[in-house]
Amino acid sequence: MNHNINNVAIFLGIFARIVGFVIGVLATLQYSRKRKEIQDGIVNPSNRCIFFIPSLYSI
């Protein structure tokens, strides 16, 4: 039984790191785009990230 618990814990840890990495990359890309838009004087708000992040926590 302990072997199964260890495998689940390892899987969840790896999954959490992957999700964190993906969120960090997406946030960096979005920040870069928005910064360029602000500098150019054209800001287009996006709701994709607002809906994407909470959907990860509902799994």
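**Entry 1**

I looked up Phe15 and found it partly exposed, at 42% relative accessibility. The model is a predicted one, so every value in these entries is computed from predicted positions. I then searched for aromatic pairs and got a count of 1. That pair is Phe11 with Phe15, and it is stacked, with 6.3 Å from centre to centre and 20 degrees between the planes. The label "stacked" applies because the planes are under 30 degrees apart. I also asked myself how far apart in helix H1 Phe11 and Phe15 are. They are 4 residues apart, so about one helical turn separates them. Phe11 has a relative accessible area of 55% and is exposed.

**Entry 2: Helices**

I counted the secondary structure next. The protein chain has 2 helices and 0 strands. Helix H1 covers residues 2-40, and helix H2 covers residues 48-57. I checked the span of H1: its 39 residues reach 57 Å from the first C-alpha to the last, close to the 57 Å expected at 1.5 Å a residue. Just after H1 comes Gly41, where I noted a positive phi of about 80 degrees.

**Entry 3: Overall shape**

I wanted to know what radius of gyration the protein chain has. The value is 17 Å, whereas a compact globule of 59 residues would have one near 10 Å. I also took the extent of the C-alpha trace along its principal axes, which is about 60 × 20 × 5 Å.

Ile5 and Ser32 are 27 residues apart in sequence, and their C-alpha atoms are 40 Å apart in space. Phe11 and Ile53 are 42 residues apart along the chain, with 20 Å between their C-alpha atoms. Tyr57 and His3 are 54 residues apart along the chain, and their C-alpha atoms are separated by 27 Å.

**Entry 4: Cover and surface**

What share of the 59 residues counts as buried? I found 0%. A residue would need a relative accessible area under 20% to be called buried. The protein chain exposes about 5,400 Å², and carbon and sulfur atoms supply 69% of that area.

I looked at a few residues one by one. Ile5 sits in helix H1 and is partly exposed at 47% relative accessibility. Leu29, also placed in helix H1, is partly exposed at 41%. Tyr57 belongs to helix H2 and counts as exposed, at 67% relative accessibility.

**Entry 5: Nonpolar patch**

Which helix gives the largest share of the patch? The answer is H1, with 8 residues.

**Entry 6: Salt bridges**

Last, I searched the whole structure for salt bridges and found 2. One joins the side chains of Lys34 and Glu37, at 3.4 Å from N to O. Both residues lie in helix H1, 3 residues apart, about one turn of the helix. Lys34 counts as partly exposed, with 22% relative accessibility.

The other salt bridge is between Asp40 and Lys36, whose closest N and O atoms are 2.9 Å apart. Both contacts qualify because the limit is within 4 Å. Where do Asp40 and Lys36 lie, and how many residues apart are they? They are in helix H1, 4 residues apart, so about one helical turn separates them. Asp40 has a relative accessible area of 48% and is partly exposed.

Definitions and conventions
Residues numbered from 1 in each chain as written. Predicted model: local features only at pLDDT ≥ 70, side-chain atom pairs only at ≥ 80, totals over all residues. Heavy atoms only, no water. Buried < 20%, exposed > 50% of the residue type's maximum accessible area, 1.4 Å probe, protein only. Phe/Tyr/Trp six-rings, centres within 6.5 Å; stacked < 30°, edge-to-face > 60°. Rg over C-alpha atoms; globule rule 2.2 N^0.38 Å. Areas by Shrake-Rupley, 256 points an atom, 1.4 Å probe, with all protein chains shown as cover. Expected span 1.5 Å × (residues − 1).
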